[in-house]
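Dear colleague,

I am passing on the structure below, together with notes on what was found in it. Please look through the model first and then read on.

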Amino acid sequence: MFRSSGPGLLSRRRFLTWSQAALAVLGASPAIPLFGASRATESVPAADDYYAKLGVEPIINAAGTYTYLTAAVMPPQVQRAVAQAALHPVVLKELHTAAGEYLAKRLRCDGALVTSGASAALTLATAACIADANHARPNQIPQQVWSGDGTLGMKNEVIVQKAHRYEYDHAMQLCGVRIVEVVTFDDYQRAFTPKTVMTNFFNSAEGGLIDRQAWLDVAHRHNVPCHLDAAADVPPVENLWRYTAMGFDLVCFSGGKGIRGPQNAGLLLGKKHLIDLAADNDSPNSDAVGRGMKVAKEQIVGMVAAVDWLLEQSDEANQAEYMRRAHVISEAVKDIPTLTSDIYIPEIANHVPHLILAYDPRIVGITPLEVQKRLSAQRPRIELNPATGTTGRLGPHSNENTIVVGAWMMQPGEAEIVGRSLHAVLSNPQA
Ligand SMILES: *Cc1c(COP(=O)(O)O)cnc(C)c1O
């Protein structure tokens, strides 16, 4: 069984929001309804199996919505919408515009653009802010923006908290911007210059000293638009309108993570005039920084269908199903010596149960990293969460003695397979 949660683990407030549903399934009821999350496996009628033809082994995803593991599987109604869209050509721009209007209504914002992912949304947000500040045409970005020595080009400064610097800075730098780093609130107030075009707030960053509201207030006093990166921050579904309602001018989401649309899709939501500028800098326009970020008709329709699917879902029911899977796995390995099970739910980003199995590898005879390798080499192939056997990726919640299982991307029946496989490896360390 799960140990009671320690500090920073399953937060009480969160637990209470879905405890009833979770308890219903944790009570080991045999009649588990299949929630939306698990219905994803029925698929459109089978075509040629190109994975088999290519010799690429499908995986059981016991990790989560990681890009390197192809993130989410689209639910059947989304798969069907994608297949249907593939049947007929349309005028791409018309589809973009109509999808944007539809999504803006459903997601309660001013404007929306389907992008080729959150990273592309961040590039297009940056291009939009540059265009807004400089009256720049798409064909001037980035070559008229970045002058090398920073003195000759257009307005090109983006303000970011030091704790919010991340690998996706690259997506902004593609447009020729210079990132201006701040730490304290005083730094932030002093950082605005006539060259400031935008700020970026990494929603799940930890350790920044300036909170969202203060960040918005100061930027808006300077008439500078704020972008928020919430790529991995669904669930909860209400995050899709929470941050635009707070006043963020632009917000991006990954389409293929918790929203469960196509992996090469994403959303840019926000102020209409900025969304229009983002679209100007996007495919199908050719002389534009976004030309390589094309979203095909299938992905645009898939993104819209995924949002429709998501808005029918119950976060509580889905979370309860993920808890049930975690419980199945922890029960399967409970007789392994020294092993304890716990659940960790990150507050923002991947806000779903992560099963943490901690044990003493000297007594059990195999380390979590070796277990991970064995599961990845066997058939069926199982991929554990990349925090397995490492420190840092999940804060204090994982280390060299923990196996981490992400339960939310498994398909029906797979939690049972993962539980049996983990037990087999942990109880036969020399096999
Ligand atoms: C995953 C992620 C991205 C990139 O999302 P894509 O849709 O794969 O482009 C950007 N920012 C953050 C914080 C992410 O987690």
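**Helix 8 and its surroundings**

The buried residues of helix 8 pack against strand 3 (157-161), strand 4 (178-182), helix 7 (185-191), strand 5 (196-202), strand 6 (226-229) and helix 9 (239-246). Packing here rests on contacts, meaning heavy atoms within 4.5 Å. Helices (H or I, at least four residues) and strands (E, at least two) are DSSP runs, numbered from the N terminus.

This is a predicted model, in which local features need pLDDT of at least 70, side-chain atom pairs count only at pLDDT 80 or more, and totals for chains, interfaces and linings use all residues. Residues are numbered from 1 along each chain as its sequence is written, and side-chain values use heavy atoms, with hydrogens and water left out.

Helix 8 covers residues 212-221, and its buried residues are Trp 215, Leu 216, Val 218 and Ala 219. Buried means under 20% relative accessible area, exposed over 50%, and partly exposed in between (1.4 Å probe, protein chains only). At the start of helix 8, the backbone nitrogen of Gln 213 has a side-chain oxygen of Asp 211 within 3.3 Å. Just after the helix, Asn 223 has a positive phi of about 55 degrees.

**Helix 9**

In helix 9, the buried residues are Asn 239, Leu 240, Trp 241, Tyr 243 and Thr 244. Their cover includes helix 8, strand 6, strand 7 (250-254), strand 8 (266-270) and helix 11 (297-311). Thr 244 counts as buried because its relative accessible area is 15%. Leaving out residues up to four places away in sequence, Thr 244 touches Cys 109, Val 251, Leu 269 and Gly 270. Gly 247 follows helix 9 and has a positive phi, near 120 degrees.

**The ligand**

Which residues are around the ligand? They are Thr 67, Gly 117, Ala 118, Ser 119, Tyr 168, Phe 202, Asp 229, Ala 231, Ala 232, Ser 254 and Lys 257, each with a heavy atom within 4 Å of it. This shell divides into five nonpolar, four polar and two charged residues. Ala, Val, Leu, Ile, Met, Phe, Trp, Tyr, Cys and Pro count as nonpolar, Asp, Glu, Lys and Arg as charged, and the others, Gly among them, as polar.

A polar backbone atom of Ala 118 is 2.8 Å from an oxygen atom of the ligand. For a polar backbone atom of Ser 119, the distance to a ligand oxygen is 2.9 Å. Lys 257 places a polar side-chain atom 2.8 Å from an oxygen atom of the ligand. The ligand taken alone exposes 380 Å², and the protein buries 84% of that. Accessible areas come from the Shrake-Rupley method with a 1.4 Å probe; for residues, only the protein chains shown count as cover.

**Thr 65**

Thr 65 sits in the loop between strand 1 (59-62) and helix 3 (76-85). Why does Thr 65 count as buried? Because its relative accessibility is 5%. Thr 65 and Lys 257 are 192 residues apart in sequence, yet 5.2 Å apart in space, C-alpha to C-alpha.

**The whole chain**

The protein chain has 15 helices and 13 strands. Of its 431 residues, 54% count as buried. The average pLDDT (the predictor's confidence in each residue, from 0 to 100) is 91, and 88% of the residues score at least 70. Over residues 1-40 the pLDDT is below 50, and this stretch has 78 contacts in the model beyond near neighbours in sequence.

Regards

How values were computed: A polar contact is a pair of N or O atoms within 3.5 Å; within protein, one must be able to donate a hydrogen and the other to accept it, and residues adjacent in sequence count only if both atoms are side-chain atoms.
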